Amino acid sequence: MSARAPDRMQIMTELVNETEVSLLECKVCFEKYSQKKKHRPRNLPCGHVICLECVFSLAHPRNFRLECPFCRRACKSSETSDCLPLLHLIEILSRATNIPLASGTTTGTGDEAAVSASLGLTFNLSFGGWGTLINPTGIAMCRGSDCVVVAHDGKKRIKLFGLSGSCIQQFGERGDAGNDIKYPLDVTVTLDGHVVVTDSGDRSVKVFDFNGRGKLIIRESFCLPWGLDTTPENEIILSDPEAGALSRLTANFKKGELKKVQKIQSNLCNPREVAVSQTSGIIAVIEHLIAKGPNYSSTRVKIFSADMKLIGQMDSFGLNLVFPSKIYATDLAFDREGHIIVADAYNRVVLCLGKPEEFPVLRPIITQGLSYPVALTYTANNSLIVLDSGDHSIKVYTAS
């Protein structure tokens with residue numbers, strides 16, 4: 001009597017084990033490749049692949065040059081790049097077997113999946129992709145028309161999408177004309193439907209209507225305008241990392257008339273991303289702290305009340321006490337209930353830090369499927385939209 005054929009899970013598990021030995025292992029240190037930084041697979045210019053830790057170990061400490069351990073071709077550590085096929089294979093195998101590989105990538109099961117379910121998020125769709133979007137940097141939601149507005153590096157710097165993924169409008173070519181945008185950093189939409197963009201190319205804030213007609217340009221008031229968001233009073237809160245400040249911008253956007261630019265917070269350390277709660281007016285900002293030595297810089301999240309009193313703060317070190325990996329926050333947003341939601345590009349996750357009164361209570365809500373999340377926004381029905389610069393896409397997680 002023949003033995004029972006192995007089931008699909010057993011076959012896939014054996015396939016994963018064989019693949020880990022043959023492909024997903026650095027042939028220098030024999031450690032398994034991972035999606036984490038330390039053993040991330042890196043392409044050498046010659047075509048061979050070793051892990052990032054071995055790149056650093058083999059590189060000369062002064063000129064950062066190394067020789068390929070297999071063909072002896074010389075290169076600089078800065079000339080190496082992520083081996084995307086292997087990274088994608090790690091992710092595919094992890095999903096196929098629904099078990100974690102040696103990479104430490106979570107599969108969305110257990111406690112983390114329960115937290116995601118408690119916040120009511122389910123992956124719905126993804127759209128955009130290379131060509132449609134190129135190196136996107138900012139995203140915002142127009143709640144009046146359910147349009148997603150994205151700033152990116154394409155020929156037309158601003159693109160408007162419907163929630164189904166169809167492109168509705170695009171404008172803002174690179175140039176020096178009034179309606180042109182050189183290097184957009186962030187974008188927001190006012191309550192009366194105007195698109196506001198920070199342009200690092202000429203260090204300005206530019207206001208457009210939904211047809212792409214320029215309404216207002218503000219240059220004199222900022223050193224380097226970066227992140228921005230709209231308040232419940234239809235004002236703009238804007239960060240300026242070079243000035244170390246937050247400002248409030250008041251204008252008649254329809255008429256294109258600037259009323260006031262008021263500095264509301266100073267002595268911040270390189271503030272970039274900013275978010276405003278549409279229910280309470282509470283303001284959250286990410287500071288990018290200066291790194292000492294070769295280490296990656298860290299970030300700090302600060303929470304202010306609507307009248308700019310500090311409610312709480314937490315940096316990467318403090319968050320690392322309750323999360324297993326160092327967190328590098330790249331954007332933040334408030335959901336409809338007032339939870340502070342943070343994108344972490346280093347670990348490629350989205351985290352919930354709780355409400356301001358309980359901040360920080362760290363809970364992962366998206367743990368897989370992201371490459372390099374750089375921006376977040378919410379729809380009127382509390383669906384989360386993630387801008388993923390790693391694969392140039394927009395990912396929608398709907399509320400259950």
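This briefing describes selected strands, cores, charged pairs and backbone angles of one protein structure.

The structure is a predicted model, in which local features need a pLDDT of at least 70 and side-chain atom pairs count only at pLDDT 80 or more, while totals for chains, interfaces and linings use all residues. Residues are numbered from 1 along each chain as its sequence is written, and side-chain values use heavy atoms, with hydrogens and water left out. Helices (H or I, at least four residues) and strands (E, at least two) are DSSP runs, numbered from the N terminus. Buried means under 20% relative accessible area, exposed means over 50%, and partly exposed lies in between, with a 1.4 Å probe and protein chains only.

**An open sheet**

- Four strands form an open sheet in the order β15-β16-β17-β18, and their pairing is antiparallel; two strands count as paired if DSSP finds at least two bridges between them.
- The edges are taken by β15 (228-230) and β18 (257-265), each of which has a single partner strand, so one side of each is left without a neighbour in the sheet.
- On average, neighbouring strands of this sheet are turned by 25° against each other, direction ignored, where the axes are lines fitted to C-alpha atoms (for helices over the stretch in contact) and angles run from 0 to 180 degrees between N-to-C directions.
- The antiparallel strands β15 and β16 (residues 236-240) are joined by 3 bridges, and Thr230 stands opposite Ile236 in β16.
- Strands of a sheet pair, in general, through backbone hydrogen bonds, either parallel or antiparallel.

- A nonpolar core is a set of buried Ala, Val, Leu, Ile, Met, Phe, Trp, Tyr and Cys residues joined through side-chain atoms within 4.5 Å.
- The largest such core has 17 residues, and those with the most contacts inside it are Val301, Ile303, Leu332, Ile340 and Leu353.
- At least two residues of this core come from each of β20 (283-288), β21 (299-304), β23 (329-334), β24 (340-344) and β25 (349-352), and β23 supplies the largest share, 3 residues.
- A second, separate core has 16 residues, among them Tyr33, Val55, Ala59 and Ile90.
- Strand β23 is mostly covered, since 6 of its 6 residues are buried.
- The strands β23 and β24 run antiparallel and are joined by 5 bridges, and the bridge partner of Ala333 in β24 is Ile341.
- The hairpin of β23 and β24 has 5 residues between the strands, and Gly338 in this hairpin takes a positive phi near 95°.

**Salt bridges and the surroundings of Asp82**

- A search of the whole structure finds 18 salt bridges, a salt bridge being a side-chain nitrogen of Lys or Arg within 4 Å of a carboxyl oxygen of Asp or Glu.
- Asp82 and Arg40 form one of them, with the closest N and O atoms 2.9 Å apart; Asp82 lies in strand β5 (residues 81-82) and Arg40 in the loop between α1 (8-22) and β1 (41-43), so the pair ties together parts that are 42 residues apart in sequence.
- Asp82 counts as partly exposed at 25% relative accessibility, whereas Arg40 is buried at 11%.
- Arg42, which is in strand β1, is buried with a relative accessible area of 16%, and its side chain makes a polar contact with the side chain of Asp82 at 2.9 Å.
- A polar contact is a pair of N or O atoms within 3.5 Å; within protein, one must be able to donate a hydrogen and the other to accept it, and residues adjacent in sequence count only if both atoms are side-chain atoms.
- Lys395 forms a salt bridge with Asp391, the closest N and O atoms being 3.0 Å apart; Lys395 is buried at 6%, and Asp391 is partly exposed at 29%.
- A network of salt bridges links Asp199, Asp202, Lys206 and Arg219.

- Most residues other than glycine have a negative phi.
- Phe30, although not a glycine, has a positive phi of about 60°; Phe30 is in the loop between α1 and β1 and is exposed, with a relative accessible area of 55%.
- Asn267 also has a positive phi, near 60°; Asn267 lies in the loop between β18 and β19 (271-276) and counts as exposed at 73% relative accessibility.
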